[in-house]
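Student: I would like to learn how to read a few features of a protein model. Please take them one at a time.

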Amino acid sequence: MIDVSYNNIKSGLVKLICDELKTLLEKLPREEGMENSAIKVGFVTYNKVLHFYNVKSALAQPQMMVVSDTAEMFVPLLNGFLVNYQDSRAVIYNLLDQIPDMFADTSESETVFAPVIQAGVEAFKAAECSGKLFIFHSSMPTAEAPGKLKNRDDKKLVNTDKEKTLFQPQKSVYEQLSKDCVASGCCVDLFLFPSQYSDMATMADVPSHTGGSVYKYSNFQVETDGEHFLRDLRKDVQKSIGFDAIMRVRTSTGFRATDFFGAVYMSNTTDIEMAAVDCDKAVTVEFKHDDTLSEETGAFMQCALLYTTISGQRRLRIHNLSLNCSSQLSELYKSCETDSLINFFAKSAYRAILNQPLKNVREILVNQTAHMLACYRKNCASPSAASQSSCEKQSQHIVVHLTVPTFYQV
């Protein structure tokens, strides 16, 4: 999905994308042992309206179909939109050569956004498959269409109790879009190239619930930022991926999973849904103690992930983990995994700022840190004054990020 409004054409971004895709499509992820990728590709350009392209292999030239009714989005063609790249290479090359020239004289600066995602959802529904949308977008969607956004960057709200509203996504259309995307196995990756304010809290909401990613390049210039963008794009396209994933975490008696953090969607309290999952995604799970854990038998966790491979095969991947339990806090502090703890604190704080003032979130983190250090000093540190001083210095360096490990990062 390529935004062909004035800014993207003028900056040279559209030509850069089209030139890179000629090489990148040769490197689509494939199943081990397969010569070619089973992934099908389709192309849409857009500004205030959407342009779908028929790139069927039998055609000498690609055909454009325009959908101007963004309120009732539909896919104007089925046969020829999603195609095997190897079969339609010549037609696709023609299209990628023509796109920068077709819109070279455009003066259109307004764009739509929500209808672009909806178009992808409808395309996957029609093809009865899962997939990923790569959206290359430049500005806040101000054209008259579902999902139109307004500038709400109010500096007066900073450092007030209402500052949290700046981080909260505008719901309605985008909340429903997230549900539609997950139900259809449609993952959204957003490459954003803003030159002024854009409502990231809202525009990134769908990617953050579908297993997608957001890449932001402010005031993009091909000469200075082009290679950075292309590196991100190449990695994103080529990495292994699974679609339409559902994950469940089970535990032995005495504790249970109570909260989940990550680019996921949850329609109930147990099933973690992701339109796509790849090696760059982490799901953090918080557990709650319901009863005393046995030091003799330990604690057991199971993570079961059901997903679809890029060749369309449904698979189940299961991880089982057995952990030792201890009633000694000194053993606990020795065994804490710092990376997972930092991950947990960061995601907890990120979620908290949507509902609390930043100063409150900061105070919570400071209090948690102070509590951890006090707990270490009381239960783990040496009683002697000299060693205590040394131990305190060490604890400030090591233990400042640690807490009781009641969660497990998958």
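Student: Which residue forms a salt bridge with Asp-97, and how far apart are the closest N and O atoms?

Tutor: First, the basis: this is a predicted model, in which local features need pLDDT of at least 70 and side-chain atom pairs count only at pLDDT 80 or more, while totals for chains, interfaces and linings use all residues. Residues are numbered from 1 along each chain as its sequence is written, and side-chain values use heavy atoms, with hydrogens and water left out. Side chains of opposite charge can pair when their charged atoms come close. A salt bridge here is a side-chain nitrogen of Lys or Arg within 4 Å of a carboxyl oxygen of Asp or Glu. The partner of Asp-97 is Lys-22, with the closest N and O atoms 2.3 Å apart. Asp-97 lies in helix α3 and Lys-22 in helix α2, so this pair ties together parts that are 75 residues apart in sequence. Helices (H or I, at least four residues) and strands (E, at least two) are DSSP runs, numbered from the N terminus.

Student: Is Lys-22 buried or exposed?

Tutor: Buried means under 20% relative accessible area, exposed means over 50%, and partly exposed is in between (1.4 Å probe, protein chains only). Lys-22 is buried, at 19%, whereas Asp-97 is partly exposed, at 39%.

Student: How many salt bridges does the count come to?

Tutor: The count is 22. One of them joins Asp-271 to Arg-248, with the closest N and O atoms 2.7 Å apart. Asp-271 sits in the loop between β11 (255-261) and β12, and Arg-248 in strand β10, so the pair links parts 23 residues apart in sequence. Asp-271 counts as buried at 18% relative accessibility, and Arg-248 as partly exposed at 31%. Salt bridges that share partners also join Lys-132, Asp-189, Lys-235, Asp-236, Lys-239, Asp-278, Asp-280 and Lys-281 into one network.

Student: Strand β10 has come up. What is the order of strands in the open sheet of 4 strands?

Tutor: Strands of a sheet pair through backbone hydrogen bonds, either parallel or antiparallel. Two strands count as paired if DSSP finds at least two bridges between them. In this open sheet the order is β12-β10-β14-β15, and the pairing is antiparallel. The edge strands, each pairing on one side only, are β12 (272-278) and β15 (314-323). Strand β10 (residues 241-251) pairs with strand β14 (residues 299-308) over 7 bridges. Within β14, Cys-303 is the bridge partner of Val-249.

Student: Which residues touch the most other members of the largest nonpolar core?

Tutor: A nonpolar core is a set of buried Ala, Val, Leu, Ile, Met, Phe, Trp, Tyr and Cys residues joined through side-chain atoms within 4.5 Å. The largest one has 41 residues, and Phe-43, Ile-92 and Phe-229 touch the most other members. Elements giving two or more residues to this core include α2 (13-24), α3 (89-102) and α8 (222-238). The largest share, 7 residues, comes from α2. Domain 1 (2-238) and domain 2 (240-325) both give residues to this core, so it lies between them; domain bounds come from an automatic or database domain assignment.

Student: What is Phe-43 in contact with, leaving aside its neighbours within four places in sequence?

Tutor: Contact means heavy atoms within 4.5 Å. On that basis Phe-43 is in contact with residues including Leu-21, Leu-25, Phe-81, Ile-92 and Leu-96.
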